Amino acid sequence: MSSIDQTKSRKAVSAAVVGNVLEWYDFAVYAYVASIIARKFFPGQDEVAALLSAFMAYGLGFLARPLGGIIIGRMGDVSGRKNALLLTMFLMAAGTVMIGLLPTYASIGFWAPLLLVVARLMQGFSAGGEWGGSTAYIVEWAPKDQRGFYGSFQQMSVVAGLLLGSGMAALITTFITTQQMDDWGWRVPFLLGGILGPVGLYMRRTIDETPAYKAVSEGKPVAKSPDDDTSPWLLAGRAFGFTIVWTVCFYVLLNYMPTWTQRYMSISASAALWANTAGLLALMLAIPVMGLLSDKFGRKPLLIACCLCFVIVPYPIFTYLLSGGVSLPMLILVQVVFALMISMFSGAGPAAIAEMFPTRNRSTWMTTGYALAVALFGGFAPFISVWLISTFGSPIAHTYYLIAAAIVSTIVIWQLRETAFDDLQ
């Protein structure tokens with residue numbers, strides 16, 4: 001790339017990253033106030049049933065992701081990455097404001113949970129297109145030998161959005177009373193997300209289309225790959241299996257973890273959220289480092305290492321957490337360890353999954369495979385975790401889910417070819 005191309009590249013990636021931060025703050029903040037939403041929108045049930053209902057609504061947002069991935073992903077391949085990213089930003093902001101303004105069950109009865117589900121579906125449709133669209137956009141702007149590093153900023157911005165949501169929830173629960181949080185404080189993170197939405201829209205209006213997409217749309221020759229004749233359905237299937245461990249460990253250990261630690265370690269909501277925030281911060285800082293390492297040593301070594309860690313580590317760590325007498329600093333250390341494990345996948349993953357597909361249909365098929373896996377295995381991860389714990393009568397039964405996911409993805413990744421050193425198709 002010439003110097004002017006690198007300047008354009010940095011500007012484009014920066015705008016995509018900022019918008020991505022705001023997108024994922026909006027989508028994820030729900031999980032951090034799930035226990036309050038359970039009481040407000042699903043009353044008249046015992047604590048476990050209400051929490052299951054709240055996480056079911058959370059998971060339904062993920063069911064819309066494959067549809068959003070297919071429709072918005074196709075839009076990205078036909079009309080350009082930029083237009084698709086503008087649409088996802090608008091839809092996410094609208095759904096987030098809707099949740100922040102919704103009357104509760106006490107005010108409008110069954111319409112409250114129904115409208116909550118509608119808002120989550122709107123957010124999910126947006127998120128389905130956002131992940132694949134932003135991943136394709138960022139990786140296509142990257143120099144050949146820096147795709148892992150550039151791509152890692154997509155995932156880093158996702159974590160930054162989660163960090164912003166977790167930090168905001170922790171800040172609010174620290175400085176207002178429990179009653180105030182229950183009365184009105186839970187709405188603040190959603191309304192703030194709606195206010196920030198126009199910032200992301202403005203930044204995305206100024207970005208350029210990717211050089212790779214322009215070349216394909218103008219009929220210019222592009223690099224060939226051994227996978228050129230492979231069915232896009234098969235490539236999407238590989239992306240699906242590739243994503244399983246990524247999404248399960250992400251949503252079990254970062255979204256469900258504050259709820260688990262409050263319930264089974266008997267620590268306060270603010271302490272649980274601060275520990276989770278520390279883990280997210282460690283993850284955000286580690287991801288670019290892992291992206292750089294994947295450019296130097298390849299994607300597969302990091303991806304396989306992450307999978308093996310999740311086969312071996314979760315069960316003994318959660319057993320230790322239940323041993324009694326675990327302090328907040330020790331809980332923070334555990335969260336950081338999990339974060340470093342996830343970072344190996346999150347650093348190498350965006351470039352690796354984008355490199356599976358040719359530019360002409362990357363947005364459509366990458367997003368489809370990824371979004372289906374997230375919808376089935378990630379969105380319902382908190383729900384499945386609660387169900388496993390209830391079914392097996394063990395507070396650490398959710399670790400079985402992590403182990404099974406890691407085994408499946410290990411098998412898929414082992415069979416993939418290394419793409420770190422090839423030209424982008």
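Okay, ground rules before we start. What you see is a predicted model, where local features need pLDDT of at least 70, side-chain atom pairs count only at pLDDT 80 or more, and totals for chains, interfaces and linings use all residues. Residues are numbered from 1 along each chain as its sequence is written, and side-chain values use heavy atoms, with hydrogens and water left out.

So, the big picture. The protein chain has 19 helices and zero strands; these are DSSP runs numbered from the N terminus, with helices being H or I of at least four residues and strands being E of at least two. Its radius of gyration is 21 Å, close to the 22 Å that the globule rule gives for 425 residues, so the chain is as compact as a globular protein of that length. That radius is taken over C-alpha atoms, and the rule is 2.2 Å times the number of residues to the power 0.38. Along the principal axes, the C-alpha atoms fill a box of roughly 60 × 45 × 35 Å.

How much of the chain is buried? Buried residues come to 60% of the 425, where buried means under 20% relative accessible area, exposed over 50%, and partly exposed in between, with a 1.4 Å probe and protein chains only. As for contacts, meaning heavy atoms within 4.5 Å, take those with a separation of 6 or more: residues 24 or more positions apart account for 86% of them.

Now some helix pairs. Axes here are lines fitted to C-alpha atoms, for helices over the stretch in contact, and angles run from 0 to 180 degrees between N-to-C directions. Under 35 degrees counts as roughly parallel, over 145 as roughly antiparallel, 65 to 115 as roughly perpendicular, and the rest as oblique.

Start with H15 (residues 314-321) and H16, which pack at about 170° with their axes 11 Å apart. That is why we call H15 and H16 roughly antiparallel. From H15 the contact uses Pro314, Ile317, Phe318, Tyr320 and Leu321, and from H16 it uses Met330, Leu331, Val334, Val337 and Phe338. By class, that gives 10 nonpolar, no polar and no charged residues. Nonpolar here covers Ala, Val, Leu, Ile, Met, Phe, Trp, Tyr, Cys and Pro; Asp, Glu, Lys and Arg are charged; the others, Gly among them, are polar.

H16 (residues 328-354) also meets H6 (residues 111-141), with axes coming within 9 Å and crossing at roughly 85°. H6 and H16 are therefore roughly perpendicular.

Last, two residues. Where does Thr247 sit? Thr247 is in helix H11 (residues 232-255), and counts as buried because its relative accessibility is 4%. Not counting residues up to four places away in sequence, Thr247 touches Ala373, Val374, Phe377 and Gly378.

Gly194, in helix H9 (residues 188-205), is buried too, at 14% relative accessibility. Leaving aside neighbours within four places, Gly194 contacts Asp26, Ala93, Thr96 and Val97.
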